[in-house]
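Please walk through this structure with me.

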Amino acid sequence: MEEDALNQSTAAEADISLHMLSESPSGSVVIYVVPESSTVLPEGVSVYVGQRRTALLRAGGQMRVAVALKEVLASLETWIKQVLQVMSFSHGDITAALSDRVRPGDRSREGLADSMRAFKSSPGYEITFSLLNPDPTSHLLHWDVEAAISSYIQPLLSKMAPVANFSIDSQILYYAVLGVNPRYDPTLNAYTLNADSLSHVINPVEARLGSSAASSNPVLNFLLYVPDSRHSPLHITDHRRHTVPSNAFSSPRWGGIMVYNVNASGTELPVDVHIDMRRVMGVFLPQLRLMLGVQSAAPPPGFLIGPCGNAGLADWELDRLMWTRSVENVATATTTITSLAQLLDQIGNIVINDNIAEQVSSAVASLQLAVGQLEVGNLGLAMQYSKEAILQSERAFFDPSLLHLLYFPDDQKFAIYIPLFLPMCVPILLSLLKMASEVRQRPGQGQAKKD
Amino acid sequence: MNVAETVFIDNVPTTETDASPPSVTEQKADEADHVLDTMQTQDFPPPSTAKDQFQEELVIKPLHSGDIYASFQFRTQWDTDFLLGSKVSHYRLFPKSLGQVISKFSVRELHISFTQGYWRTMQWGQPFLPSPPGAELWVWFQDTVTDVDLAWKELTNVLSGIFCASLNFIDSTNTVQPSASFKPLGVGNVTDQRFLRYAVLPREIVCTENLTPWKKLLPCGSKAGLAVLMKSEKLFHSSFHSQALHIRPVCKCKSTSWELRQTLNVVFDLHTSGQGKREWSLFKMFSRTLTEACPLASSSKVYVDITDNPQGELFELSPATPLVSQAVVLGDGRTYSVYDLTDHATFGQTHSLNVLLRWRAAESGEMLRPLLHGERYVAGYGLQTGEIHTLVYNNHPYRAFPVLLLDTVPWYLRLYIHTLTVTSKGRDNKPSYIHYQPSKDRLQPHLLEMLIQLPPNSVTEVTVQFERALLKWTEYTPDPNHGFYVGSSVISALVPSVVAMDTNNTQERPLFSSFFPCKEESTYFMRIYTEPLLVNLPTPDFSMPYNVICLTCTVVAVGYGSLYNLLTRTFQVEEPSQGLAKRLANIIRRLRGVPLLT
């Protein structure tokens with residue numbers, strides 16, 4: 001059966017038929033070793049990573065059939081290690097997941113940037129697409145965002161549903177301008193925004209975006225900016241002053257901005273513009289993947305990573321994400337409970353209600369369950385328990401009855417009694433002084449008496 | 001979030017141009033492209049006719065006192081239904097933040113107003129949209145909401161964030177559920193008061209920080225259209241400023257659509273803003289002129305009330321406009337000059353519109369007395385008891401009409417409901433309906449609703465005595481000697497129309513049309529608010545505990561000191577020194593050479 005599957009002409013087809021044969025549980029990786037003569041892998045490719053949880057590995061050329069099984073495995077070991085490095089949860093992922101808590105040691109700069117780019121783990125995310133139209137008198141913009149979201153974004157989010165809840169909104173903002181005046185570049189005959197000035201773009205826009213009123217989940221913003229006719233075309237240039245082909249940039253843990261130029265040499269204003277949502281989503285979708293923390297390590301040479309299907313996310317990528325998120329959630333919940341314990345240590349007379357005690361104990365129980373499930377390798381349950389742990393620990397920590405300021409600090413109690421202590425100190429101090437002077441004089445007096 | 005500092009720029013995938021090994025990002029982008037390729041390419045049809053529309057208008061009304069009243073109204077209508085199960089999430093003209101609030105809290109109707117100053121009905125006549133001083137919020141929830149109190153609490157907190165106001169101070173002690181005074185204004189026949197919440201914060205100060213978020217909800221912001229006139233330094237330099245927001249479902253008669261109405265009413269004072277000259281212009285009022293309509297608005301108009309000035313004998317209006325509109329407003333037929341901002345001819349040669357009203361006569365004509373008018377004050381002396389007087393005036397010469405009076409009194413004024421008296425023309429006037437909900441200390445306020453018949457041309461006085469409660473020391477406001485506010489009474493009524501009262505018609509009308517008053521003009525709904533009350537409560541001396549501590553501690557310390565001295569002092573026998581007399585005697589004796597005394 002599997003041999004039939006592996007005899008397919010291309011690796012992608014083989015991958016699909018292998019998946020039909022056996023469903024591998026989440027968190028696992030299945031590696032099929034194919035003989036060197038197999039044509040299923042293209043020339044020069046020794047490992048093919050499929051869109052499910054399978055990988056095809058070409059056996060090394062120097063191997064002969066007669067060699068013992070042990071030796072075969074030994075020769076494959078380095079490859080298998082690399083495959084696991086790519087497809088599964090590795091040591092680097094743990095450090096990335098805990099990057100907020102551990103000091104960045106010898107980690108690569110790129111890894112640091114990757115982990116900083118992604119949003120922190122949260123039970124839910126709000127995704128907002130905003131169309132900025134700075135000049136409605138000249139452009140009348142139409143975007144069919146509803147259809148675009150349902151065909152491009154929604155498959156990814158449905159696949160990621162075990163990780164978090166997502167809600168999507170879109171809005172159109174008129175007269176929203178960027179905070180930076182673009183510079184005219186005569187060589188390009190266009191206006192440019194340099195990468196150095198991009199950091200000033202977001203703040204003025206953000207005042208208009210409006211925070212999410214309905215929930216406290218983090219918001220991912222994706223802005224589509226259509227420059228007005230006076231500043232168009234507008235290009236984003238990188239640090240070496242080359243124009244960026246996608247004309248977009250992203251801001252870590254905030255979202256992405258894309259500039260969409262319209263060559264509306266219209267005769268009659270306002271010009272109707274229908275935005276090509278395919279182009280727009282082609283930029284926003286990879287940005288969204290980065291923001292949501294889909295890790296993308298560079299594959300080692302000889303690796304071919306298959307297309308990730310309709311959802312834009314391979315199964316093994318989802319597994320990796322769930323590993324990372326569970327670990328991160330466990331770490332966050334632990335930190336929250338630890339700091340709550342520290343607070344209680346600091347204030348001796350704090351009142352702890354029963355419901356808080358319950359929340360803390362159930363948070364600890366969920367934490368233990370999550371860690372247990374992680375050890376077993378049961379990803380889905382681990383994710384669920386770690387989310388519960390986070391929710392309960394945060395609810396306990398942010399309970400209004402546990403406010404630090406509600407309790408009267410001890411040092412101020414002493415200040416109130418100063419009117420008592422100060423006058424009482426006077427006679428005590430005076431008598432101490434007197435005693436001291438007596439002690440100093442006594443040796444002299446003793447001598448005088450002897451004489 | 002301070003983005004500017006933390007932004008970490010990073011160009012999107014496809015920007016990598018250097019020769020570094022096939023970079024991750026690039027590969028991902030390819031992948032994404034692939035994803036997109038595998039999907040069917042859709043040909044996006046142009047969206048059908050816009051389902052939302054926006055209208056803006058400004059009404060300018062010269063008042064008889066010489067002041068001027070400007071009323072902005074912005075209306076956004078959207079053919080969608082927040083009540084249905086499907087989530088509404090794609091916004092165009094309707095502000096997203098409000099849409100999210102409506103769908104999250106299942107709000108059927110929301111009315112919120114922020115007002116600075118008190119509307120002087122006797123000088124200015126009726127406002128288009130009445131509002132009490134401070135902040136007022138009333139909300140009808142949908143009947144699917146199970147825990148209305150929880151939804152109300154969360155809603156007030158979210159709204160206080162949206163409008164930068166202290167609406168988070170709304171809690172059960174100032175929230176009531178009126179049974180009759182506040183009926184839904186939109187479609188839907190939910191009249192179960194369990195889903196209604198009403199609260200007033202009379203202490204709320206309204207200022208620019210409330211105006212800015214309010215302006216942000218407009219599609220054009222304050223960048224174009226009528227909203228450019230709303231400069232806060234002028235708007236708040238006025239006798240009366242009120243901004244409000246009303247959301248309700250309205251009928252399009254095939255499907256419901258949602259209406260967001262944002263209103264801003266302002267009265268500029270003749271002396272402080274107008275320098276005493278009876279000459280008003282847009283520039284003088286707002287220090288701006290109009291140059292364009294909001295390009296998103298389907299209609300954008302400026303109305304000037306010229307009812308008292310049909311032939312231009314009272315004041316001169318420039319630039320002149322040929323458009324005139326007539327409407328029955330608050331039971332009174334009014335005539336308006338209309339400037340249509342969507343028409344380029346309105347702006348003329350100068351490309352700007354500065355409506356100017358210049359008076360010819362020093363005095364304007366007599367103002368018709370408002371038919372309904374209310375007043376309220378606190379009587380009594382001392383800090384123990386008092387009496388609330390509410391006066392309701394019916395100035396109609398021959399028609400009696402019923403009014404609904406709503407009083408919300410905080411729990412710390414304990415009403416003696418048995419002392420409630422209603423008198424008009426010196427006679428007892430028994431209310432035909434009384435709804436009274438007693439207060440609970442620190443939990444709920446008094447709610448008193450009465451249906452009173454007002455005799456024609458009369459003053460009806462409602463009095464009720466109260467006792468002032470002693471608060472706990474943490475319950476006092478930071479400035480307790482300023483006093484405690486009691487929100488305005490609300491008087492709602494169906495008032496007989498002035499048009500119907502007007503028997504000798506000045507307007508050309510066939511005789512047969514005017515014998516019986518026609519139905520739609522015969523009465524109109526009106527709501528007026530009385531002044532809020534400021535009541536002094538017995539206020540302790542807050543520094544007293546510390547004074548007592550100081551005094552007793554000093555006394556204890558002095559006592560302790562003397563006792564301590566007594567116990568620790570060592571007594572020594574000391575040679576008594578010679579007395580003063582003896583020393584003097586010795587000096588004299590030495591001079592005389594006599595032996596000294598010892």
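Helices are DSSP runs of H or I with at least four residues, strands are E runs of at least two, and both are numbered from the N terminus. In this predicted model, local features need pLDDT of at least 70, side-chain atom pairs count only at 80 or more, and totals for chains, interfaces and linings use all residues. Residues are numbered from 1 along each chain as its sequence is written, chains are lettered from A and ligands numbered from 1 in the order written, and side-chain values use heavy atoms, without hydrogens or water.

Start at helix α12 of chain B, residues 580-592, which holds B:Leu591. B:Leu591 counts as exposed because its relative accessibility is 74%. Exposed means over 50% relative accessible area, buried under 20%, and partly exposed in between (1.4 Å probe, protein chains only).

Now turn to chain A. It has 13 helices and 14 strands. Of its 451 residues, 49% count as buried. Take its contacts (heavy atoms within 4.5 Å). Among those between residues at least 6 apart in sequence, 75% join residues at least 24 apart.

Next, the interior. A nonpolar core is a set of buried Ala, Val, Leu, Ile, Met, Phe, Trp, Tyr and Cys residues joined through side-chain atoms within 4.5 Å. The largest has 146 residues, and those with the most contacts inside it include A:Phe129, A:Ile275, B:Phe163 and B:Leu245. A second, separate core of 35 residues includes B:Leu415, B:Phe466, B:Ile491 and B:Leu533.

Finally, look at B:Leu245. Beyond its neighbours within four places in sequence, its contacts include B:Leu98, B:Phe163, B:Trp214 and B:Arg261.
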